[in-house]
Amino acid sequence: MPRPIRSRSVRGATPDNVAVAAKIIDLEKRRGITNYYLYVTEVTLNNSSSYQIFRRYSQFDALQVDLVARFPIEAGDINAKDRVLPSLPGKIFFGRSAIREVAERRLPELNKYMKELLSLDPKISRDPDVRLFFSQTESDVLALENREKQGIVGSAPQTSFKPLLNSNTANKTSPRPKVKPSRPRPPVPRRPSKPPSIVKGPRAKVLYPFEARTTDELSLLAGTTVSLLHRVNQDWIEGKYNMKTGLFPAAYVEIIEDLDEDLEEGEDEWDDPEPVAVIRCHFSGGVRDIEVHPTFVENPVFKELLTLVRQLLKRQDLVMNYLDHEGDLIRIKDQDDVDLMINQSESKTLPRQLSRQPSCSQYVPWEVHATLEKDYSVYHVKDTPPRRS
């Protein structure tokens, strides 16, 4: 799973300064290849000082997946009665991140999650990943400066959150430099959580090699082509290259096809429906649907798929299976089994295929059957004929 977006910590990571409380005080709407909200969170330290951090829901989800993997006992994976790690519903179960109603509906869950997480034993509440998550980074400082420039101080009224709209007044026609330019000051990162499966549309040719220095930046090779996702300001562009997304200096590239200015500055596209793929999950005689982004089902990862199934059914003692051509359940134990399930399904017809318009849902051609980990009675074992003497 991708790790939470982090850069070098500015505050909150010293032994004497640990987070003891956190509460979301505002929302900010951001634009990348997909639209999303940032949760402006006020963190209080044990020395009574406080500061603000900016986190996406995908970062909360990535932290939770990381903690569940590293603390299986506290997560209830071994014995459900031992679970102390707070629950965080998977990001796909809330709907699209670009809709205000969805973002506001997440607030109680996120505030409850942070409160319970920070009240746990120091083994978890002061875990390095937890402390980094609640630390104020350079990106947070820059985001806070932008809020102050736009006259946003403190928190917005709790009854009516106002998202921060991104302004795009940067000059988009910088002349091609004759020598390799210097590195500009990093802007506020805007990393999308759902990059496209193929590179197309707005793009640029890389003039000079660029080496990323933080997790928010994107390394580039001279002579290659990078897709353009969002122009952050005059100096920095968000793009995708080699299946990774991040920021790179605008002066390092030559624009081939520029970003659509109307789309960059328009507000009507914020809440456009995103394409959704649906995975059918069978369990205990019933069927549940798991909605994911289409890029997930192109190359599903075993651990991520298992996590989604367990979150959907709210049980940690489940395993995944698929039906073979003879109708027998086959347990999925690793990535090879996932690939085998998908290869077998290629000859099948989709159980239910909806319109192929980008905004519509589509059922994937394979289905998952969840069973209890210790229940082997569901598997059909053929009788072995006796050997001839």
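Reader: What is the mean pLDDT of the protein chain?

Author: The mean pLDDT of the protein chain is 75, and 69% of its residues reach 70 or more.

Reader: Where is confidence lowest, and where is it highest?

Author: Confidence is lowest in helix α6 (residues 261-265), with a mean of 48. It is highest in strand β13 (residues 318-323), at 93.

Reader: How many contacts beyond four places in sequence does the model have for residues 190-199?

Author: The model has 40 such contacts for residues 190-199, a stretch over which pLDDT stays under 50. Where pLDDT is low, the predicted coordinates should not be read in detail.

Reader: Let us turn to the sheet. In what order do the five strands come?

Author: The five strands form an open sheet in the order β9-β8-β7-β6-β10, with antiparallel pairing. The edge strands are β9 and β10, each of which pairs on one side only. From one strand to the next, the twist averages 40°.

Reader: How many bridges join β8 to β9?

Author: Six bridges join strand β8 (residues 236-241) to β9, and the two run antiparallel. Within this pairing, Trp236 stands opposite Pro249 in β9. Gly239 has Gly246 in β9 as its bridge partner.

Reader: Why is β9 described as largely enclosed by the rest of the structure?

Author: The description applies because five of the six residues of β9 are buried.

Reader: Now the aromatic rings. How many aromatic pairs are there?

Author: The count comes to seven aromatic pairs. One of them is formed by Tyr39 and Phe60, which are edge-to-face at 6.5 Å centre to centre, with 90° between the planes. Tyr39 lies in strand β3 (residues 35-45) and Phe60 in helix α1 (residues 57-70), so this pair ties together parts that are 21 residues apart in sequence.

Reader: Are those two residues buried or exposed?

Author: Tyr39 counts as buried because its relative accessibility is 1%, under the 20% cut-off. Phe60 also counts as buried, at 0% relative accessibility.

Reader: And what of Phe210 and Tyr252?

Author: Their ring centres are 5.5 Å apart and their planes are at 80°, so the pair is edge-to-face. Phe210 lies in the loop between β6 (203-206) and β7 (225-231), while Tyr252 lies in the loop between β9 (244-249) and β10 (253-257), so the pair ties together parts that are 42 residues apart in sequence. Phe210 counts as buried at 5% relative accessibility, and Tyr252 is buried with a relative accessible area of 5%.

Reader: Which residues do ring pairs link into a cluster?

Author: Ring pairs link Tyr39, Phe60, Phe133 and Phe134 into a cluster.

Reader: Which residue lies over the face of Phe133?

Author: Arg55 lies over the face of Phe133, at 5.5 Å from the ring centre. Elsewhere, Arg106 lies over the face of Tyr57, at 4.1 Å from the ring centre.

Reader: One last topic. Where is Lys303 found?

Author: Lys303 is found in helix α8 (residues 302-313). With a relative accessible area of 65%, Lys303 is exposed, since the cut-off for that term is over 50%.

Reader: How far apart in space are Lys303 and Asp334?

Author: They are 8.2 Å apart, C-alpha to C-alpha, and 31 residues apart in sequence.

Notes
Residues are numbered from 1 along each chain as its sequence is written. This is a predicted model: local features need pLDDT of at least 70, side-chain atom pairs count only at pLDDT 80 or more; totals for chains, interfaces and linings use all residues. Side-chain values use heavy atoms; hydrogens and water are left out. Helices (H or I, at least four residues) and strands (E, at least two) are DSSP runs, numbered from the N terminus. Buried means under 20% relative accessible area, exposed over 50%, partly exposed in between (1.4 Å probe, protein chains only). Rings of Phe, Tyr and Trp (its six-membered ring) pair if their centres lie within 6.5 Å; planes under 30 degrees apart count as stacked, over 60 as edge-to-face and the rest as tilted. A charge sits over a ring if NZ of Lys or CZ of Arg is within 6 Å of the ring centre and within 35 degrees of the ring normal. pLDDT is the predictor's confidence in each residue, from 0 to 100. Contact means heavy atoms within 4.5 Å. Two strands pair if DSSP finds at least two bridges between them. Axes are lines fitted to C-alpha atoms, for helices over the stretch in contact, and angles run from 0 to 180 degrees between N-to-C directions.
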